[in-house]
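Today I am opening my notebook to look up a few side chains and what they touch. Come along and check each entry as we go.

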Amino acid sequence: LVDTLNIKPGQELQNALDTLAVAGKEGNVELKDMAAQLPVLGASFKAMQMGGREAAATMGAALEVSRKGAGDANEAANNLKNFMQKIVSPTTLQKAKKVFGLDLYKVIQDAQKSGRNPFEAAMEAAMKVTNGDQKKIGELFNDVQVQNFFKAASQNWGDYKRIKDKALNASGVVDEDFEKIMATSKMQMEGFK
């Protein structure tokens, strides 16, 4: 989190951990699975000029909706990673412009300049032009993993927003969970030893 999303140690890091923990509780990708994928995914979000708690919440929520169209957490993360790479690839940008009249690069740049979330801006623009049509999705994204992410995310966009909002407002979650675990008889026995 510190290296890839420019999150400062201390309270900011604690908030980001709470954010990811809540996102993990809202779906099927646990915090430990997110931690394994964070270096690669974090670099993709950083490349989109995203950082801080907003990026952590976006990533956590995106992983959760990606998981709805994947066999496991690793596949969900791989699908998201491929989407993040392909959304700004020259091939995708050319197709978006030529086939759909969508300047996806401008959408992302405008979001970055105005302080909006570029991931969400790109998703919403792509959802608008494809309108759930499988053929159009295939025309925009020819990569199967990207299609799997996009389909799952667009079909569950309301869940994405709900998870992200809940994760952004999380506070003290990791501390509470730690206290619960430390109160179990197993951990008390370990402490006694």
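I started with a term: a salt bridge is a side-chain nitrogen of Lys or Arg within 4 Å of a carboxyl oxygen of Asp or Glu. With that in hand, I found Glu-26, Lys-68, Asp-159, Arg-162 and Lys-166 linked in a network of salt bridges. I noted that this is a predicted model.

Next entry: how many salt bridges does the whole structure hold? My search gave 12.

I looked up Glu-54 and found it paired with Lys-164, with the closest N and O atoms 2.6 Å apart. Glu-54 sits in helix α4 and Lys-164 in helix α11, so this pair ties together parts that are 110 residues apart in sequence. Is Lys-164 buried or exposed? Lys-164 counts as buried, at 7% relative accessibility, while Glu-54 is partly exposed at 30%.

Then I checked Glu-120 and Lys-161, whose side chains meet in a salt bridge at 3.5 Å, N to O. This pair also links distant parts of the chain, with Glu-120 in helix α8 and Lys-161 in helix α11. Glu-120 is buried at 8%, and Lys-161 is partly exposed at 30%.

On to the nonpolar side chains. The largest nonpolar core has 51 residues, and Phe-119 is among those with the most contacts inside it. Helix α4 gives the most to this core, 8 residues. Further along the sequence, I saw Phe-119 in contact with residues including Phe-45, Trp-157 and Tyr-160.

Last entry: Ser-154, in helix α10. Its side chain reaches the backbone oxygen of Phe-150 at 2.7 Å, and Ser-154 also touches Met-123 and Met-127.

Note on methods. Residues are numbered from 1 along each chain as its sequence is written. This is a predicted model: local features need pLDDT of at least 70, side-chain atom pairs count only at pLDDT 80 or more; totals for chains, interfaces and linings use all residues. Side-chain values use heavy atoms; hydrogens and water are left out. A nonpolar core is a set of buried Ala, Val, Leu, Ile, Met, Phe, Trp, Tyr and Cys residues joined through side-chain atoms within 4.5 Å. Buried means under 20% relative accessible area, exposed over 50%, partly exposed in between (1.4 Å probe, protein chains only). Helices (H or I, at least four residues) and strands (E, at least two) are DSSP runs, numbered from the N terminus. Contact means heavy atoms within 4.5 Å. A polar contact is a pair of N or O atoms within 3.5 Å; within protein, one must be able to donate a hydrogen and the other to accept it, and residues adjacent in sequence count only if both atoms are side-chain atoms. Lists of a residue's contacts leave out its neighbours within four places in sequence.
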